[in-house]
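Dear colleague,

I am passing on the structure below, together with notes on what was found in it. Please read the notes alongside the coordinates.

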Amino acid sequence: MAKQRSPRKFPELRKKAEKLNEENGGKVPRISYKKDLQGLSHELSLYHIELEMQNDELRRSQEKLEESRSRYVDLYEYAPVGYLTFDEKGVVLDLNLTAAHLLGLDRTFLLNKPFSPLTAPESQDAFYLHRREALRSPGTHTCELMLRRNRGQEHFLARLESVAAQSNGAAVIRTVLTDITERKQALETRSQELEKKVKERTADVEELQKRLEEAEQIIEAIRRGDVDAVVVGSGEEGSRIYTLEGPDHPYRNIVETMNAGAVTINEQGIIFYSNGAFSNMTGIPLQTLLGSSFKDLLVPEDLPLFLDFVKKAREADKTTGEVAIRSDKGKLFVRLAGSSRTAYGIETTCIVITDISALKSAEESSRKEAMQAKRERDRLMTLIDSMNEGVWFTHADGRIVLANSVAKSQAAEVGIDPDALLQSQWSSLLPQIDMFAPGGTSLQMKPFLRVFRGKPFHGAEIALRNRTTGEVFYRRISANPIFDSEKRVEGVITVVQDITAEKRATDEKAQLEERLRQSQKMEAIGTLAGGIAHDFNNMLAVIMGNAELALDDAEGNHGVKRNIEQIVKASKRARDLIKQILTFSRKTAAGKNPLNLTPLIKETHKLLRGSLPSTITIGLDIETESDTVTADPTQIQQILVNLATNAAYAMHDKGILTIGLSNVTLQQGGPLPDPEMPSGTYVKLTVRDTGKGMSDKIKRRIFEPFFTTKPSGQGTGMGLAVVYGIVKSHGGAITVESEPGKGSNFTVFLPHAGEQAEEEAKVRGRMSYGKERVLLVDDEEFVIEMTSQMLMNLGYEVTTARNGSEALKMFLDRPSGFDLVITDQTMPGITGVDLAEKMLEAREDFPIILFTGYSETVSPEKAKAAGIREFVMKPFTKREIAKTVRRVLDAEKERAK
């Protein structure tokens with residue numbers, strides 16, 4: 001059993017353990033039990049030794065690991081350079097002690113803090129671009145920044161070498177930070193020293209050249225016999241006379257003691273004179289130089305240059321050149337200044353030689369630095385051109401000296417010629433565009449101009465309008481000043497981000513939120529309307545029904561009849577108002593039937609006459625009698641009311657409003673108000689005003705939901721949007737003609753319903769009678785009393801029931817005793833739909849009419865699905881109930897044939 005449980009993971013340790021056990025005597029205390037207990041004890045002893053050896057091995061491995069980790073931690077923490085890790089936004093995730101020491105701050109203070117505040121203002125954009133380049137392209141990226149030490153008390157120049165990496169699935173930047181302040185200062189000092197030496201050497205050469213020219217003039221004069229000696233000095237020590245042959249000739253001393261080399265060669269290039277300076281320069285003894293060829297000192301590739309130099313010296317009398325010669329120290333770069341003379345029939349060339357190797361080295365260093373600077377500039381320009389933001393550099397005098405491709409595109413968007421940007425004054429661009437704050441208010445320029453006084457700004461948002469197209473663009477601008485060595489503003493670098501899409505998305509979101517609020521308002525109105533519609537319609541049904549009954553009894557009494565007609569008309573308006581509210585809040589669907597527009601327009605004209613200010617003249621211009629359309633009268637009236645209300649506002653409650661009606665025939669191929677409209681005859685409804693009119697820009701948006709030109713709080717922007725929706729739902733079109741100061745003319749085109757519909761509209765006005773047996777069910781006593789009286793006046797035999805249970809019992813007792821059932825929907829105990837289903841179980845296809853003030857649980861579709869023939873909304877007129885009852889009964893007779 002013990003051997004089966006043994007892991008046997010370290011066989012060599014197992015052997016060692018057995019060996020140690022033998023060395024310890026290998027004796028296991030005897031147990032006076034069974035032999036297998038002795039074997040088990042032996043195994044346990046070996047396991048114990050084996051575990052101790054494993055622990056020793058693990059302990060030694062742990063010590064080595066800790067030692068290695070400590071060594072690498074020390075290498076990281078105390079490295080001669082700083083190590084930092086940034087995230088994509090430049091936040092310090094980690095740094096070593098050296099980096100914290102260079103920045104003069106405690107490491108814990110720097111962790112999880114942005115690095116940008118530690119950069120000098122003039123270097124913040126460079127740090128941003130450095131991070132961006134490191135994240136975008138692989139490899140090591142280098143930049144130089146001016147950083148702040150000890151919370152800004154000191155500044156130092158630093159080099160950042162960065163590479164992108166991944167840590168825990170996120171992009172990070174590993175950076176080496178080096179203080180290069182002393183190195184830069186040493187380089188500048190060395191450059192200044194070299195420049196000083198070059199100036200000193202140049203002065204010596206010029207002075208020597210001057211003296212050589214004087215000496216040559218004197219020698220030439222003596223050769224011609226004009227003078228025999230040279231007189232030097234006229235001071236207190238008196239004058240001295242020197243002959244050319246004398247060893248103390250003053251010009252000889254000058255040539256021998258000057259720093260530059262001097263040689264004289266013949267036509268073959270043989271040196272027959274050299275001063276000591278040239279000997280020292282080349283490291284060749286003077287005796288060796290004399291009689292040797294100057295050409296042998298030249299590097300081979302410069303021989304043509306030297307020959308050309310000698311030729312020019314002979315032709316032009318004086319010339320200069322540069323060649324490389326060999327010396328004991330290697331190759332030297334020298335400048336040659338020479339002139340040729342013929343003395344005693346021998347043509348010679350005198351050459352002054354200046355060592356310019358240090359200058360050449362400095363020039364080469366400068367050239368390399370210039371090339372490196374050009375490469376860095378090209379890389380920077382490539383990076384700037386690849387940015388998604390526009391980048392501008394403006395000189396302190398206002399000239400635009402740099403604009404990347406995005407900046408030029410942004411300029412073109414707002415109507416500025418991108419090719420005319422460079423070297424233009426930024427102030428000359430402002431008159432070409434309209435600038436304002438995003439909210440539409442005027443823009444203050446002073447905060448933007450402060451950057452030219454050394455004060456940066458970030459994240460300023462402005463709006464720009466293209467004067468040609470009228471389109472508005474939004475920009476987010478950040479600008480930083482660039483300082484020269486004397487801390488004066490040298491220029492301004494500006495980064496411009498296009499936030500047009502972001503702004504439009506924000507505006508669209510705000511519009512959607514506003515639509516949601518409006519929808520919630522409509523839902524609240526609908527809920528309220530649904531709550532009161534049932535009871536209100538029941539009351540209207542009693543008022544309207546009894547008024548019509550009274551109207552039948554008022555024949556011959558014109559005064560009473562006129563008063564009752566007004567009650568009926570007001571009741572119909574109240575019914576239509578409830579219907580309009582329910583339709584607008586989507587609680588009921590609009591019903592469309594053949595409709596003559598002229599009576600509706602005249603009725604609406606009276607309604608408007610009482611609701612609009614008396615200072616507005618309202619005229620009618622009806623030019624047709626063929627005015628039948630298939631429409632919902634409530635919605636057509638809403639079109640007229642909305643258009644008239646807008647017109648009154650446009651006229652400032654004073655002017656002329658004209659409502660017109662005519663016919664028009666539209667043909668395909670001709671001008672159509674809407675390209676989607678089919679050809680045919682249309683009824684044209686116009687609403688014309690003498691108001692202030694509107695611009696083309698406003699005309700393009702007037703039918704947009706929530707668009708309004710009214711002050712805040714005076715309009716929702718839904719009036720014309722509702723009109724547009726109603727017209728489109730009727731298969732029509734709407735147009736507007738308007739100019740500023742010339743009023744507006746809205747034209748609504750509705751498809752003509754045709755002659756059959758006109759006849760149907762006339763038939764709808766006729767009264768229908770009958771003699772059938774009707775079971776009337778309603779829980780409202782006033783409603784059932786009024787409706788039963790109305791049906792009896794139409795000739796029907798009426799039986800009434802006060803609830804569904806009573807009606808069901810009466811029907812089941814006499815299934816064939818009724819020809820029609822008219823039932824209310826909302827009743828206690830059993831609803832109208834439930835009652836109908838139970839009756840239809842007893843007598844299939846029995847005609848039933850359902851009427852209701854309002855119910856959310858039933859609709860015309862649900863009623864039809866339950867087998868109900870007609871669905872009628874209260875309140876209803878006598879003519880409407882008569883027609884509905886007759887239509888159902890006639891259809892039943894047709895079906896029974």
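Helices (H or I, at least four residues) and strands (E, at least two) are taken as DSSP runs and numbered from the N terminus, and on that basis the protein has 27 helices and 30 strands. This is a predicted model, in which local features need pLDDT of at least 70 and side-chain atom pairs count only at pLDDT 80 or more, while totals for chains, interfaces and linings use all residues. Residues are numbered from 1 along each chain as its sequence is written, and side-chain values use heavy atoms, with hydrogens and water left out.

Of the 897 residues, 40% count as buried (under 20% relative accessible area, with exposed over 50% and partly exposed in between; 1.4 Å probe, protein chains only). Where contact means heavy atoms within 4.5 Å, 58% of the contacts between residues at least 6 apart in sequence join residues at least 24 apart.

On the surface, Lys569, Lys572, Lys602, Lys606 and Arg879 gather in a patch of positive charge (residues with over 30% relative accessible area and no salt bridge, like charges being joined within 9 Å; a salt bridge is a side-chain nitrogen of Lys or Arg within 4 Å of a carboxyl oxygen of Asp or Glu). Helix 17 (558-584) and helix 18 (597-611) each supply at least two residues of this patch. Lys602, in helix 18, is partly exposed, with a relative accessible area of 45%.

Thr884 lies in helix 27 (residues 878-896) and is buried, because its relative accessible area is 8%. Setting aside residues up to four places away in sequence, Thr884 touches Ile849, Glu870 and Val872.

Best regards

Definitions and conventions:
Patch = residues over 30% accessible without salt bridge, like charges linked within 9 Å, V, L, I, M, F, W, Y side chains within 5 Å. Areas by Shrake-Rupley, 256 points an atom, 1.4 Å probe, with all protein chains shown as cover. Lys, Arg positive; Asp, Glu negative; His and termini not counted. Charge placed at Lys NZ, Arg CZ, Asp CG, Glu CD.
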